[in-house]
Amino acid sequence: MPSSTLANPRTIKVGFLGFGTVGEGTHRMLSDNVDEIFRKTGAKINITSIGIKDASKARCLPSELFTTDLKSIVTDPKIDVVLELIGGEELAGEMVDLALDHGKHVVTANKELIAKQGSRLISKARKKNLDLHFEAAVGGGIPVVQALKHQLAGNDVIKLMGILNGTTNYILTRMEAEGANFADVLADAQKLGYAEADSTNDVDGFDTMYKIAILAAITFGKQVDLSDIHREGIRSIGTEDMHYAEVFGYRIKLLGICEEIEPDTLMVRVHPTMIPRTHQLAHVDDVFNAVWLKGDFVGDLMFSGRGAGGDPTASAVVGDLIDVCRNIVNEGDGSAIPYGEGMKSLPISELETRYYLRLEVQDCPGTLGQISTTLGRRKVGLTAMEMKSKVGGLGEIAFLTHVCREEDFVAAIEEVGNLDCVTKIESWMRVEQS
Ligand code: HSE
């Protein structure tokens, strides 16, 4: 017999940890869409307490709802579900552990916590027949986590790539559109509130790394050690690189990429990538996120939408909460899908792909021959080239290579850098093929 009926609906008590933009958005969605959510769950959701850090901040809700004693929420015997919306690993991790210890289902938006401790926390929840959901941790409002766990689970996923960080996508879009340099666009984005004052997490690729690690774990069934994931951010991209990307028919995106090399071995990486203009991901601009994948049966598939912001992220949190409520009402045994640990991610030196290379050279006879011979000795072949003269007898050459091994490419450009006719290796980047 269901524990909830229309005449006698079950009340599900929810405690919030954190009341920033996502917390406020989630609260507003639960209140604005109360009838909708009741229709879909058969339960009434009662927010009993909200844990915050700063008690002095003005709030739009009655003060008795708020407490700075987060432990009182996760240990409260009356609370059924805890929404962890604090972020960061330490305090949030301690609270999620305590909540599970005290028999509470958990919904979290915390990418760092799940990327680092997802396997352990999910299996702990599973053993206790509790739900632990984290749709909001990846791609904000894009419902990709649940889709990978359920609807796409029958596919052998050949490759998955994502634009998983809105801040960097916004910066790259503006750099390309305005011919502006990275530092100027970042400063402007910070002034406008699009980028955090401390931009490291976004700009240096940590945020993307957490998110691709979570997607890899769900897709391939085991957690990857973050220290095995190659990570580069977007600081070194110049306006010239944007120019040559356009000339060669590409766009530059910060991608999180994972692909299966052999069973139990992936290549997971985060770096700026030249992606063909014909690829769906090339058209995802501004703060938008997208996840593209190739499955053996589903084929090419892309999800895109708003990857950050209070309202889109609230949509993911509330979707997870509805799932938990349905399990409680129907006395299900939880739908957290466990994944193990110990997935290997190959070192980036074993990558095989195409590369873009930009050099400053002596603008004189024989330069091109020396460069192509040096690259060729390391099995790096060239497929496209652009040259221009600069002042002072110098020139600039940009190349695209055929597919080669990263180890060979890196050794080759070291040798190229030692040639007398090459004055500087300006930049290089990995290139996606299609
Ligand atoms: N800072 C992230 C971004 C949003 O810019 O996409 C939260 O994951």
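This is a predicted model: local features need pLDDT of at least 70, side-chain atom pairs count only at pLDDT 80 or more; totals for chains, interfaces and linings use all residues.
A disulfide is a covalent bond between the sulfur atoms of two cysteines.

**Cysteines**

- Cys60 is exposed, because its relative accessible area of 63% is over 50%.
- Cys258 is buried, with a relative accessible area of 0%.

**Salt bridge between Glu89 and Lys116**

- The side chains of Glu89 and Lys116 form a salt bridge, with an N to O distance of 3.4 Å.
- This pair connects distant parts of the chain, 27 residues apart.
- Glu89 sits in the loop between strand 4 (81-84) and helix 4 (90-101), while Lys116 belongs to helix 5.
- Glu89 is partly exposed, as its relative accessible area is 26%.
- Lys116 is also partly exposed, at 32% relative accessible area.

**Salt bridge between Asp97 and Lys124**

- Asp97 and Lys124 meet through their side chains in a salt bridge of 2.7 Å, N to O.
- Here too the pair links distant parts of the chain: Asp97 lies in helix 4 and Lys124 in helix 5, 27 residues apart.
- Asp97 counts as buried because its relative accessibility of 18% is under 20%.
- Lys124 is likewise buried, with a relative accessible area of 18%.

**Salt bridge between Asp241 and Arg358**

- A salt bridge joins Asp241 to Arg358, and their closest N and O atoms are 2.9 Å apart.
- The two residues are 117 residues apart and link distant parts of the chain.
- Asp241 is in helix 11 (residues 239-248), and Arg358 is in strand 15 (residues 352-362).
- Both Asp241 and Arg358 are buried.

**A salt-bridge network**

**A negative surface patch**

- Asp156, Glu260, Glu262 and Asp296 make up a negative surface patch.
- One of these residues, Asp296, is located in the loop between strand 12 (288-295) and strand 13 (299-306).
- Asp296 has a relative accessible area of 39%, so this residue is partly exposed.
- A patch residue needs over 30% relative accessible area, and Asp296, at 39%, therefore passes that cut-off.

- Asn129 is not a glycine, yet its phi is positive, at about 55 degrees.
- The position of Asn129 is in the loop between helix 5 (111-127) and strand 6 (132-133).
- Asn129 is partly exposed, with a relative accessible area of 47%.
- Lys379, another residue other than glycine, has a positive phi near 65 degrees.
- Lys379 is placed in the loop between helix 13 (367-377) and strand 16 (382-389).
- Lys379 is exposed because its relative accessible area, 63%, is over 50%.

Definitions and conventions:
Residues are numbered from 1 along each chain as its sequence is written. Side-chain values use heavy atoms; hydrogens and water are left out. Patches are made of residues with over 30% relative accessible area and no salt bridge: like charges are joined within 9 Å, nonpolar side chains (Val, Leu, Ile, Met, Phe, Trp, Tyr) within 5 Å. Accessible areas come from the Shrake-Rupley method with a 1.4 Å probe; for residues, only the protein chains shown count as cover. A salt bridge is a side-chain nitrogen of Lys or Arg within 4 Å of a carboxyl oxygen of Asp or Glu. Lys and Arg count as positive and Asp and Glu as negative; His and the chain ends are not counted. The place of a charge is taken as NZ of Lys, CZ of Arg, CG of Asp or CD of Glu. Helices (H or I, at least four residues) and strands (E, at least two) are DSSP runs, numbered from the N terminus. Buried means under 20% relative accessible area, exposed over 50%, partly exposed in between (1.4 Å probe, protein chains only).
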